[in-house]
Amino acid sequence: MGAYKADDDYDYLFKVVLIGDSGVGKSNLLSRFTRNEFSLESKSTIGVEFATRSIRCDEKVVKAQIWDTAGQERYRAITSAYYRGAVGALLVYDVTRHVTFENVERWLKELRDHTDANIVIMLVGNKADLRHLRAVSTEDATGFAERENTFFIETSALEATNVEKAFTEVLTQIYHVVSKKALEIGDDPAALPKGQTINVGSKDDVSAVKKAGCCSA
Amino acid sequence: MKNSTTTNINHHKEEQQHHPKNDPSTVSSIDSRFNQTLKNVQGLLKGRSIPGKVLLTRRAEPPDDPSIQSPTFGRSFSENDAGGRDHMHKSTEEKDQSTSKRNNEGANMLNPSTSNIDNTSKETHKSPMTARATDSTRVTKFTKELSVPTVRLERLRELGWSGVPPYMRPIVWRLLLGYAPPNSDRREGVLRRKRLEYLDCVAQFYDIPDTERSDDEINMLRQIAVDCPRTVPDVTFFQQEQVQKSLERILYTWAIRHPASGYVQGINDLVTPFLVVFLSEYLEGDVDNWSVSNLSPEKISDIEADCYWCLSKLLDGMQDHYTFAQPGIQRLVFKLKELVRRIDEPVSRHIEEQGLEFLQFAFRWFNCLLIREIPFHLVTRLWDTYLAEGDALPDFLVYIFASFLLTWSEKLQKLDFQEMVMFLQHLPTQNWTHQELEMVLSRAYMWHSMFNSSPSHLAS
Ligand SMILES: Nc1nc2c(ncn2[C@@H]2O[C@H](COP(=O)(O)OP(=O)(O)OP(=O)(O)O)[C@@H](O)[C@H]2O)c(=O)[nH]1
Ligand SMILES: [Mg+2]
């Protein structure tokens, strides 16, 4: 799992959103995961941005289509439209700014208002490299994640710590659901509805789709 | 000074500093989550049938667009291009040769099959518009216009539309924005008063302890503080601490005085053209080598005040661009979509077929007035035209942005949804010169004259 893969060949496509307060490091987590880049002074995200990366789960190629949204409240009206059809979310706060952790609750509500309640959510405490500035303890965040029934991880986009893991964990969870269900039906994963490739994030809501064998030629 | 370049840190092996109990799998029951997520996925899939295969070919580095390199179209004004473009101004509608020429070109542009940029540039190529007067003629016109006791703003707009000589920008911009009065006798007095007024505002709103601020105000200040270091980070000048402090004071003071919108991310970008233009009265050479540490506090305060007032004037004309849900921007994005449909049917259809929403890319264009999309050294020239448009700016932006977008008309038609989003997020403008920008503006001007005067017959 985790190998880079050519962009044009994949078995599953999952739409994932990155949300959380402005400045917590969403865009840098994304650029670290998709391009292995980090920038010290990155411009604020206006509206939404987008990137993709494929990883391997078992023998399958899972492609993540990741939407990075603006953190400022004012943009909520525009960005929440992009939650539609997401099957995974990384909800990011900054471990050095407690207020960004306090706001996680609001973001969670936002997410649950706009997506299916069963979306896979990963709470992400970013900037873990700034140890001397830490303002949110791991215990507090773990407790919160348990209560809210989300996954939890601490990351550093700067040091590339756990970034890979945060994204792949979310993708793997979604993938397992899909493939496990397929096994139960007693068929290969192609048992899922046929003929779909994907037009995700555009006019269709479809966000986790199995590419049907007949079309992948 | 902080380094603004992107650092590629080698992919460390993911450290195991992760405490076992944080392991996501222990946080909730995997099985129950599987089932929940499955329901979700199935719900999303229900009743869907999506035809075809999406081709996801790796996008090559965008080649230099040959269409934007027609050298003879070089009306790149810069400071040495003089005049010759006044006839381009839309208020100058004399029935001369160039007008009819323009209309001919316009007719071609209506035909979808010829509406790509290559054709445009060829057409323009042959156009006689490249003839122009000399530098000094143009500078003389500005000098003359500025030296009269009461500046005729309409005349200044016509001149300014095609680019203002850099050293005249500070005065011309103040006039065009209505910050400095046209009457030269009153000018110094008004500016002095306004600058004092700004100082008062800063003292009253900014220089106070946090205990005197409301929660909303604290939030706003926090957001501004997050954004100042991230403002035009590719220009190292803006990384200077003093510059960022100025930016913070301007933005916060503006936000407090404009409660209907308050601070909205992206407004920080809009201050930067004003900062470089008003600082250029005191600093010489390349912006990247500027240092504000030698300027007296009084000078810095004056410059800040000018930025503040000019920002206010600029945004007065776009009040609802930054209020809740940003209706002004949404309206313009809609207009842009309509205009593109009328100008370039094929690309418009392609965008629609791919399910790409204009809001996905054009929102940032309107929000930051294209500052994010072109090299910073071209921004002030672009703003000459913005400010010359005055009250008509919001509507004219639609034409500029249509022209900007259709620079890549052909390219876009070869991309699928995902490739288009990525392409439009990072448009290949890094190597743009004045020439490409002038091209965008001229075409915008041309379309504006055509579509604005005869909107109905173009709708077919
Ligand atoms: N030390 C440290 N700094 C980080 C880390 N991740 C991001 N940053 C810095 O935090 C700042 C904000 O990062 P962004 O990725 O732009 O934040 P964002 O969440 O996308 O912000 P918005 O786009 O405004 O919503 C930048 O200056 C980054 O360099 C990290 O892991 N460690
Ligand atoms: Mg961002």
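User: Is Thr231(B) buried or exposed?
Analyst: Thr231(B) counts as buried, because its relative accessibility is 0%. Buried means under 20% relative accessible area, exposed means over 50%, and partly exposed lies in between, with a 1.4 Å probe and protein chains only. The model is a predicted one, in which local features need pLDDT of at least 70, side-chain atom pairs count only at pLDDT 80 or more, and totals for chains, interfaces and linings use all residues. Residues are numbered from 1 along each chain as its sequence is written, chains are lettered from A and ligands numbered from 1 in the order in which they are written, and side-chain values use heavy atoms, with hydrogens and water left out.

User: Where does Thr231(B) lie?
Analyst: Thr231(B) is in the loop between α9 (215-227) and α10 (241-257) of chain B. Helices (H or I, at least four residues) and strands (E, at least two) are DSSP runs, numbered from the N terminus.

User: Which backbone oxygen does the side chain of Thr231(B) reach at 2.9 Å?
Analyst: That is the backbone oxygen of Asp227(B). A polar atom of the Thr231(B) side chain also lies 3.2 Å from the backbone oxygen of Cys228(B). A polar contact is a pair of N or O atoms within 3.5 Å; within protein, one must be able to donate a hydrogen and the other to accept it, and residues adjacent in sequence count only if both atoms are side-chain atoms.

User: What about Val235(B)?
Analyst: Val235(B) is also found in the loop between α9 and α10 of chain B, and at 10% relative accessibility it counts as buried. Its C-alpha atom is separated by 9.8 Å from that of Pro375(B), which is 140 residues away along the chain.

User: Now the aromatic rings. How many aromatic pairs are there over all chains?
Analyst: There are 32. One of them joins Phe237(B) and Phe238(B), whose ring centres are 5.2 Å apart and whose planes stand at 70°, so the pair is edge-to-face. Rings of Phe, Tyr and Trp (its six-membered ring) pair if their centres lie within 6.5 Å; planes under 30 degrees apart count as stacked, over 60 as edge-to-face and the rest as tilted. Phe237(B) is buried at 0% relative accessibility, and Phe238(B) is buried at 1%.
Analyst: In another pair, Phe358(B) and Phe361(B), the centres are 5.1 Å apart and the planes are at 45°, so this pair is tilted.

User: Where do Phe358(B) and Phe361(B) lie?
Analyst: Both are in helix α15 (residues 358-368) of chain B, 3 residues apart, about one turn of the helix. An α-helix has 3.6 residues a turn, so residues three or four places apart point the same way. Phe358(B) and Phe361(B) are both buried. They belong to a cluster linked by ring pairs, which also includes Trp365(B), Phe401(B) and Trp432(B).

User: Let us change topic. Which residues are the protein donors of the magnesium ion?
Analyst: They are Ser27(A), through OG, and Thr45(A), through OG1, lying 2.0 Å from the ion, which is ligand 2. Ser27(A) lies in helix α1 (residues 26-35) and Thr45(A) in the loop between β2 (38-39) and β3 (48-57) of chain A, so the pair ties together parts that are 18 residues apart in sequence. Donors are N, O and S atoms within 2.8 Å of the metal (3.2 Å for Na, K and Ca); water is not among the atoms, so sites may look incomplete. Ser27(A) is partly exposed at 22% relative accessible area, whereas Thr45(A) is buried at 8%.

User: How many residues of α1(A) are buried?
Analyst: In α1(A), 8 of the 10 residues are buried, so the helix is mostly covered. Among them are Lys26(A), Leu29(A) and Phe33(A). Asn36(A) follows α1(A) and has a positive phi, near 55°.

User: And ligand 1: which residues come nearest?
Analyst: Of the 26 residues around ligand 1, those nearest are Ser22(A), Leu40(A), Ser42(A), Asp129(A) and Ala157(A). A residue is near a molecule or strand if one of its heavy atoms lies within 4 Å of it. Residues from chains A and B surround ligand 1, so the site is shared between chains. The largest share of the shell, 3 residues, comes from α1(A).
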